[in-house]
Amino acid sequence: MAEKLAKNFSSDMQDVSRSPSMLLDSENPEEQLIEECENMWKQVEECHTKLSLQSFETPPVSDLKLSLLTNRFKALSAEFNQWQKREPEIITTNPEVLVELGREQLQKLDHELEMVLSTVNAKNKKIKEDFIREQKWLAEQERLIECLNQTVEGMNNHVVHFSEKRAFQELKTKMLKIKAYKEDILNALGDFLDEHFPIPENSGTTKKKRYSSEEEDVQLISLHEILENLINKLVNTPHDPYITINDSFWSPYIELLLRYGIALRHPQDPNKIRLENFHQ
């Protein structure tokens, strides 16, 4: 049964393949091709209808699945053999139809090639821009490397070999210069203070009453000595830079230092002062 259906289908298809000779007298090739395709499609539908109307013998229920598979295999095998025997045929032999189809294919191909060309040109333009940018970057890097090489060469020409003894000697020389400079500054400060802020007169003494009302002479110290005591206290004991004011400190000099911000009074003990942290 399957072989019979396959043979009928094959014969109908051969009839369809032999139909391109019809409608050759049409003036418009496209319309002719469309009509041929419609007629072929009608014939295919008729073959399909005939196949669907064929009656099949109902196999026993026990062998239903096996029978269906066997019949399907035979039908497919017969159809496969028929298709192997056939040779591909041209739908139509009308030269006008073939020319029109060829023209459409060429136009489609030309459009696609134009799109490809446009894409390639855009890509080439971008690659060219990237290449120019990379060239500029490379030139900048080469100039930078050249400058660095010149710097390294200059440094190599001025390299002084390290010597521990020489470095110690240079450090010692700098310390001596600093000490000498410090002495010069202190001497200049002392001369300035001795000239403009001398020891209070009145024979360099003053009288104070102590404990049992005895009168004792107290030797006053100069502003130079007061500042020297403040500096030494700050340098030697920075954690406790305060000095105690006694009778040898002349009150106007203490007020002068406090008023101009040179010295600061202890926040809890007014009898102690310290030098302002000018180095901070």
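I began with A263, which counts as buried at 2% relative accessibility, where buried means under 20% relative accessible area, exposed over 50%, and partly exposed in between (1.4 Å probe, protein chains only). Before going on, I noted that this is a predicted model in which local features need pLDDT of at least 70 and side-chain atom pairs count only at pLDDT 80 or more, while totals for chains, interfaces and linings use all residues. I also noted that residues are numbered from 1 along each chain as its sequence is written, and that side-chain values use heavy atoms, with hydrogens and water left out.

**A263**

I placed A263 in strand β4; helices (H or I, at least four residues) and strands (E, at least two) are DSSP runs, numbered from the N terminus. Leaving aside neighbours within four places in sequence, I found A263 in contact (heavy atoms within 4.5 Å) with L230, L257, L258, R274, L275 and E276. For one of these, R274, I looked up the C-alpha separation from A263, and it is 5.4 Å for two residues that lie eleven residues apart along the chain.

**Helix α6**

**α5 against α6**

I then looked up how α5 and α6 pack, and found an angle of about 145° with the axes 8 Å apart; axes are lines fitted to C-alpha atoms, for helices over the stretch in contact, and angles run from 0 to 180 degrees between N-to-C directions. Here L186, G190, L193 and D194 in α5 meet L223, H224 and L227 in α6.

**S248**

My last entry is S248, found in the loop between β3 and α7 and buried, with a relative accessible area of 15%. The side chain of S248 makes a polar contact with that of N246 at 2.4 Å, the term standing for a pair of N or O atoms within 3.5 Å, where within protein one must be able to donate a hydrogen and the other to accept it, and residues adjacent in sequence count only if both atoms are side-chain atoms.
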